[in-house]
Amino acid sequence: MDFSLTQEQQDLRELTAKIFEDLAPLEGLPDMEAGQDWFNEKLWANLASAGLLGIALPESVGGMGLGIAELAVLLEANGRHGGAAPLYSTLILGALPIAEFGSSEQAGSLLPDVIAGKALLSAALVDEASDDPLAPGVSAESVEGGWKLRGTKTYVPAAAGAALVLVSARTEDDRIAVFMVEPGARGVSLEPVTTTTGEFQYWMTLDDVQVGDNAVLGAVGQGAEIIEWILDRALTGLCAMELGCAERALQLTARYTSDRKQFDKPIATFQAVAQRAADAYIDVEAIRLATWQAVWRLDAGLPASREIAIAKFWAAEAGHRACYAAQHLHGGIGVDTDYPLHHLYLLSRQIELTFGGAHAQLARIGDMIAAD
């Protein structure tokens with residue numbers, strides 16, 4: 001396996017780096033977080049004009065038709081800049097599943113607007129009653145011409161600004177299905193919840209929300225397959241963001257410890273500091289290796305669930321260690337809310353716990369080994 005980037009992927013990394021550096025400097029994040037439903041609209045528009053929002057979407061709807069590897073490069077850049085754009089929720093949770101499982105009418109009506117930067121998407125996979133995405137607590141009752149949904153979903157990203165949210169539910173005959181729900185539909189209420197990073201996510205309550213049969217993604221009863229497919233890509237996307245986040249935190253630390261002097265010497269020359277930074281570097285490279293193995297297997301169409309769980313374990317465990325070391329080596333500077341490291345640390349913590357931290361991934365791996 002060769003995990004080095006192709007020339008096209010290198011060019012993509014340079015392009016995304018320039019767009020993010022110009023339009024989403026880490027130093028600007030604290031001011032930008034003031035608005036509840038904020039996201040960097042100028043950055044989003046530039047990503048759209050560069051064709052990057054359609055990077056992994058089919059050419060039939062105006063996308064570039066590339067793979068998970070190229071999308072991982074984009075998400076890594078987003079992680080390096082504190083998650084400045086809702087790429088994860090719109091592309092991973094929303095657009096990719098619609099492209100894979102949606103009808104031509106569903107994909108054709110939604111994805112061109114996503115690619116043009118005119119629409120955000122999201123998914124609601126975790127319930128108030130169950131944090132297992134494969135055990136949805138929202139009920140779906142069959143009615144004439146469609147379905148009626150009841151229940152509450154928790155921590156739905158970008159829900160207030162999304163054109164559609166994919167909602168998992170269980171039918172009366174105990175089948176799992178995924179429905180496309182408009183957040184502004186009658187019976188839907190959104191309660192904002194502040195997350196670790198300060199980003200607003202939402203509790204989404206569905207009170208007899210009626211949707212048509214054409215709002216079912218794929219087929220009724222195909223929900224478990226769709227959710228597992230989404231989770232594999234969601235966990236991989238989170239790992240790519242964690243890689244960018246932890247690597248940027250380490251770079252800030254290298255710069256700080258090289259400039260900060262004690263006893264007329266840069267503290268980077270002190271053995272304890274150098275050893276701590278070296279351990280953090282090893283952790284970042286472990287995240288990189290595990291993440292790109294998962295990405296490679298997904299792109300190659302190979303079974304990847306175990307490798308994805310391993311990658312998420314390293315993203316959670318090693319990402320936490322690397323960002324904690326960065327905080328420690330910065331001393332009091334690291335907890336200054338105006339300093340970029342503060343936001344990177346919080347983003348790392350949020351990624352760590354999303355869809356299960358290190359212990360949850362070890363449990364998944366154990367279940368897979370036992371099943372074999």
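Author: Arg 150 counts as partly exposed, because its relative accessibility is 32%. On this scale, buried means under 20% relative accessible area and exposed means over 50%, with partly exposed in between, using a 1.4 Å probe and protein chains only. The model is predicted, so local features need pLDDT of at least 70 and side-chain atom pairs count only at pLDDT 80 or more, while totals for chains, interfaces and linings use all residues. Residues are numbered from 1 along each chain as its sequence is written, and side-chain values use heavy atoms, with hydrogens and water left out.

The partner of Arg 150 is Glu 141: their side chains meet in a salt bridge, 2.7 Å from N to O. A salt bridge here is a side-chain nitrogen of Lys or Arg within 4 Å of a carboxyl oxygen of Asp or Glu. Side chains of opposite charge can pair when their charged atoms come close. Glu 141 has a relative accessible area of 25%, and is therefore partly exposed.

Glu 141 also has another neighbour to note. Lys 148, which lies in strand S3 (residues 146–157), is in contact with Glu 141, and also with Ser 139, Ala 140, Val 143, Asp 208, Val 209 and Gln 210, leaving aside neighbours within four places in sequence. Contact means heavy atoms within 4.5 Å. Strands are DSSP runs of E with at least two residues, helices are runs of H or I with at least four, and the numbering starts from the N terminus. Lys 148 and Gly 223 are 75 residues apart in sequence, with their C-alpha atoms 16 Å apart in space.

The structure holds 16 salt bridges. Another of them joins the side chains of Arg 321 and Asp 283, also at 2.7 Å from N to O. Arg 321 lies in helix H9 (residues 305–330) and Asp 283 in helix H8 (residues 271–299), so this pair ties together parts that are 38 residues apart in sequence. Arg 321 is partly exposed because its relative accessibility is 36%, whereas Asp 283, at 8%, counts as buried.

The pair Lys 18 and Asp 22 forms a salt bridge with an N to O distance of 3.1 Å. Both residues lie in helix H1 (residues 7–23), four residues apart, which is about one turn of the helix. Elsewhere, Arg 80, Glu 247, Glu 285 and Arg 288 are linked in a network of salt bridges.

Leu 71 touches Ile 55, Ala 56, Leu 91, Ile 92 and Leu 96, not counting residues up to four places away in sequence.

H7 has 37 residues, and 54 Å separates its first C-alpha from its last, close to the 54 Å expected at 1.5 Å a residue. The expected span is 1.5 Å times one less than the number of residues. Of its 37 residues, 29 are buried, so H7 is largely enclosed by the rest of the structure.

Helix H10 (residues 340–353) has 14 residues that should span 20 Å at 1.5 Å a residue, and its end C-alpha atoms are 21 Å apart, which agrees. H10 is mostly covered, with 11 of its 14 residues buried; among them are His 343, Gln 350 and Glu 352. After H10 comes Phe 355, whose phi is positive, near 55°.
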